[in-house]
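Thanks for coming. I have one model to show, and I will keep to a few parts of it.

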Amino acid sequence: MTFIAKPKVRHPSLPTNALGLTRRDYEGALSTLCAGCGHDSITAAIVEASWGLSLEPQNMVKLSGIGCSSKTTAYFVSGGHGFNSVHGRMPSIAMGANAANRNLTFLGVSGDGDTLSIGLGQFCHAIRRNLNMLYIIENNGVYGLTKGQFSASADLGTRAKKGEINVQPPIDPVLLAITLGATFVARSFSGDKQQLVPLVQAGLKHAGFALIDVLSPCVTFNDHEGSTKSYAYTREHYEPAVHADFVPLEREITAAYGPGETLPVVMHDGSRILLRKLDAAYDPTSRTTAAAQIQERMKHGEYLTGLLYVDADPHKSAFHVVNGTPDAALNSIPYEALSPGSKGLEKVLARYR
Amino acid sequence: MEPTDTANPDYYHRVVDCQWACPAHTDVPEYIRLIAQGRFTDAYMVNRHSNVFPGILGRVCDRPCEPACRRGRIEQKPVAICRLKRVAADHRDDIAGRLPKIPKVKNGKRIACVGAGCASLTVANDLMPLGYQVTIFEQYGEPGGLMRTNIPAFRLPAAVLNEEIGMITGMGVDLRLNSPVASMRELLARGEFDAVFVGSGAPRGKELKLPGREAGAANIHIGIAWLESVAFGHVDRVGKRVLIIGVGNTAMDCCRTSLRLGAESVKVMARKPRGFFKASVWELEDAEEENVEIVVNRSPKAFVIENGRLTGMRFDRLEYEVDAAGRITAERIVGEEFLPADDVILAIGQENAFPWVERDLGIQFDRWDVPLIDKTTFQSTLPQVFFGGDAAFGPKNIIWAVEHGHQAAISIHRYCQGEPVSERPPPGINLQSRKMGMHEWSYANDYTPVERRLMPHVSLKERFKKLNIEVELGFTAEQVEQEVQRCLNCDVQTVFSAKLCIECDACLDICPVDCLTITHNGAEDELRGRLKAPAKNLAQPLYVSAALPQTGRVMVKDEDLCVHCGLCAERCPTAAWDMQKSELHWPLAADEAGTLAARKPKIA
């Protein structure tokens with residue numbers, strides 16, 4: 001970490017977005033993570049993506065649980081609303097906030113411990129409800145905040161800093177999410193912003209639950225020889241399968257893509273994701289073949305990355321649609337309209353008497 | 001692009017914009033840090049090493065460093081480098097004990113310098129400590145050259161001038177005042193001197209041959225000659241209405257001097273529009289603060305004489321067409337105008353003149369009657385004669401004259417030792433880490449968002465009472481404290497070691513001015529376009545690393561706007577980035593003497 005704050009001085013020709021804000025306006029507090037932590041790169045990707053989408057900071061909700069990853073919500077969009085919840089309970093808070101005001105942009109940041117160990121149940125149910133949020137897992141395979149014990153995402157055979165070998169099989173959040181019916185499932189790497197930034201943008205604009213599992217090396221406890229989540233190992237073993245370019249509604253598609261190579265996915269608000277297949281055999285629109293292909297490659301120690309599965313129409317299963325809530329945010333509806341009143345309550349209760 | 005060769009001393013030198021722009025390569029960031037620590041004497045000595053006259057230059061330097069200053073690209077206004085130099089000079093202690101020791105036993109070589117201006121004085125300053133016997137011939141009764149005769153005392157007090165010249169003449173220089181050299185032939189024929197240095201300046205003001213020039217001669221003055229007469233007390237008044245022709249720095253000195261000699265209305269007549277003036281911005285500001293009117297687009301046509309006396313001047317009124325790039329594409333006359341005047345002062349340039357150098361001595365002159373001088377060695381075509389300052393290549397400024405003096409001193413030394421003058425000692429650069437410990441750097445790396453401090457002036461009421469009231473008061477302690485923090489410490493370099501990089505992006509993310517990018521290599525013009533912030537300032541170099549170990553991409557740094565905050569090094573988990581202070585070694589005659597002495601066999 002550093003004690004030296006990033007000075008406010010900026011490049012004089014820094015571009016502004018539709019709101020007249022520069023990328024610097026989407027930054028947050030001074031990071032207290034280790035120097036070189038992958039999480040800080042993900043923070044930078046979120047800053048870049050939020051700026052690029054011209055999101056209004058005051059309409060952003062940043063949620064997290066406990067862990068190194070969960071500290072990062074303080075490091076971006078200081079103008080947004082933040083909630084740092086109990087360990088593994090971030091999805092519940094996200095659920096409640098989303099139920100009350102569906103018009104905000106929800107971004108949850110969690111880690112492999114917070115999501116796959118203590119918070120696994122909450123994670124699964126957020127997927128099941130197709131809660132409209134972007135859920136980023138900053139996945140480094142270790143408990144960095146407690147000095148580097150293996151987490152539930154540690155690969156079989158990976159070595160800890162002191163030499164122990166992991167013998168417990170990992171839980172893969174990507175396969176889990178595909179199995180549970182998630183409508184947007186991606187994997188990326190903190191060291192590849194060209195892939196990560198458009199993924200974050202697409203995830204934020206996806207009208208349902210979007211998961212991005214980001215391999216994010218722990219520079220202090222998991223960046224050594226023998227680790228399967230170090231910078232060097234990840235670079236050698238990650239295989240971009242599908243590149244997703246996010247195209248906002250207002251922008252024309254100008255790049256010429258050959259047919260068969262690209263697949264436009266039209267989002268709920270009319271913006272598009274352009275899927276560019278880097279692996280011709282891979283199909284990101286079929287849940288079953290995607291899962292099979294990911295598993296097949298995993299056997300050879302390769303992580304497929306990119307937008308691995310996307311449902312072009314997540315809307316039908318979205319939480320608010322399924323539950324028939326009104327279009328207006330619940331918190332904008334007057335109390336009198338929301339509350340049945342004591343007489344109404346009597347009536348409801350009477351049905352159960 | 002090929003990986004940047006940072007072993008070449010020029011690379012890191014160039015990053016220190018002020019030092020690169022300074023003809024004498026003064027170590028500006030170092031002396032500003034010393035001022036910040038209250039070490040004024042040390043700061044003065046750092047200055048004196050390179051520029052010899054810190055007190056003088058701290059007031060009247062042409063400041064090539066300031067337009068170059070990186071701070072000026074970050075937030076428009078550069079660091080007030082010149083003003084800070086004056087701070088060091090004003091607040092230093094006595095430095096007599098820190099001047100070089102002059103050997104009692106001389107080396108037997110005698111050098112003659114013509115003119116006691118800044119170039120000759122620098123030659124003496126560099127050669128006296130090596131055991132040379134230097135004689136300076138000066139036509140006037142006081143040394144200083146144009147510094148004394150052409151810069152008015154309200155900008156440069158005589159006391160400052162005398163003290164800094166005294167440091168050099170006090171080394172035992174044989175200073176012969178009131179001794180103009182009338183003939184180079186005679187000087188050479190005396191056989192007294194092993195080498196001659198000509199530092200006689202550019203003493204001839206340009207003439208304006210228009211109708212009425214001769215008839216009005218009594219009230220038409222050549223600027224530099226007039227300033228000289230004022231400096232020596234021969235002229236102490238001027239008419240009520242004065243016109244200054246020309247808008248360079250001499251014109252600024254003439255108009256402000258006129259105001260102090262009784263003029264009530266002073267107009268500076270410029271041929272071209274604003275933006276094309278030769279005067280430094282700050283000199284224009286200072287003149288306009290004194291209510292001098294600058295009249296643009298007027299071309300002198302004739303002096304108007306009535307009854308044998310100058311009554312004014314006629315001008316053509318001009319109009320210009322300027323293209324998108326700001327260049328003048330056409331001019332035309334749109335009318336005529338008469339302006340009344342009691343005196344007219346011509347300040348339209350000056351040139352060097354050598355009526356005293358015979359043309360058959362072997363010193364070749366070109367077709368403009370300017371001597372042929374080697375640009376590096378300052379040697380003329382007669383091997384024992386060297387030129388420097390304005391005498392060499394026409395009018396420049398004090399700081400260029402000082403550097404000419406330094407280089408000529410090296411040449412004279414090599415010449416007198418029988419070494420070829422064309423072989424020059426190479427510059428070098430030393431790098432030393434500024435890391436003290438965890439999160440500790442031995443320099444103030446915080447960016448301080450404070451604006452340039454303004455120089456306080458003597459009030460408009462007070463300053464005209466006497467000719468020699470120094471207008472600029474110097475920075476207050478509070479101003480110094482703030483201004484020093486504006487320096488970005490560009491000499492604390494970001495030094496990158498590609499083999500240590502794990503490409504975690506930490507430095508890219510934390511850089512406040514987006515000057516770092518990791519990307520695949522390419523040709524420079526194409527690479528400049530796809531950096532995190534496009535590198536549009538082509539005057540500033542790109543740093544390109546060797547291929548990075550994990551992906552083979554390269555680290556690219558656009559040096560243009562780096563604020564040297566050190567956050568890249570602070571954030572780097574593998575210390576691939578380090579902040580290292582560069583110290584330029586720009587050889588002077590003393591270094592050259594050390595090298596030559598070490599090479600000579602020692603005889604027991």
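This is a predicted model: local features need pLDDT of at least 70, side-chain atom pairs count only at pLDDT 80 or more; totals for chains, interfaces and linings use all residues.

Residues are numbered from 1 along each chain as its sequence is written, and chains are lettered from A and ligands numbered from 1 in the order in which they are written.

The interface, then. Contact here is a pair of residues whose C-beta atoms, placed from the backbone, lie within 7 Å. On that count, 25 residues of chain A touch 27 residues of chain B. On the chain A side, α1 (38–52) and α8 (231–237) each supply at least two residues. The most comes from α1(A), with four. By type, the chain A side divides into twelve nonpolar, seven polar and six charged residues. Nonpolar covers Ala, Val, Leu, Ile, Met, Phe, Trp, Tyr, Cys and Pro; charged is Asp, Glu, Lys and Arg; the others, Gly among them, are polar. Helices (H or I, at least four residues) and strands (E, at least two) are DSSP runs, numbered from the N terminus.

Now to chain B and its own helix α8, residues 81–91. How many of its eleven residues are buried? Eight are, so to say it plainly, α8(B) is mostly covered. Buried means 20 or more other C-beta atoms within 10 Å of the residue's own, with C-beta atoms placed from the backbone; exposed means 12 or fewer, and partly exposed is in between. The buried set is Ile81(B), Arg83(B), Leu84(B), Lys85(B), Arg86(B), Val87(B), Ala88(B) and Ala89(B). Their cover includes α2 (17–21), α3 (28–36), α4 (40–51), α5 (54–60), α6 (65–68) and α19 (477–484) of chain B.

Next, the sheets. Strands count as paired if DSSP finds at least two bridges between them. One open sheet of three strands in chain B runs β20-β22-β21, with antiparallel pairing. β20 (516–519) and β21 (542–544) of chain B each have a single partner strand, so one side of each lacks a neighbour in the sheet. Four bridges join β20(B) to β22(B), residues 554–558, and Thr519(B) stands opposite Val554(B).

The other open sheet, also of three strands and antiparallel, has the order β16-β23-β19 in chain B. Here the edges are β16 (428–433) and β19 (492–496) of chain B. β19(B) pairs with β23(B), residues 577–585, over five bridges, and Val495(B) stands opposite Asp578(B).

Conventions:
Two residues are in contact if their C-beta atoms, placed from the backbone, lie within 7 Å.
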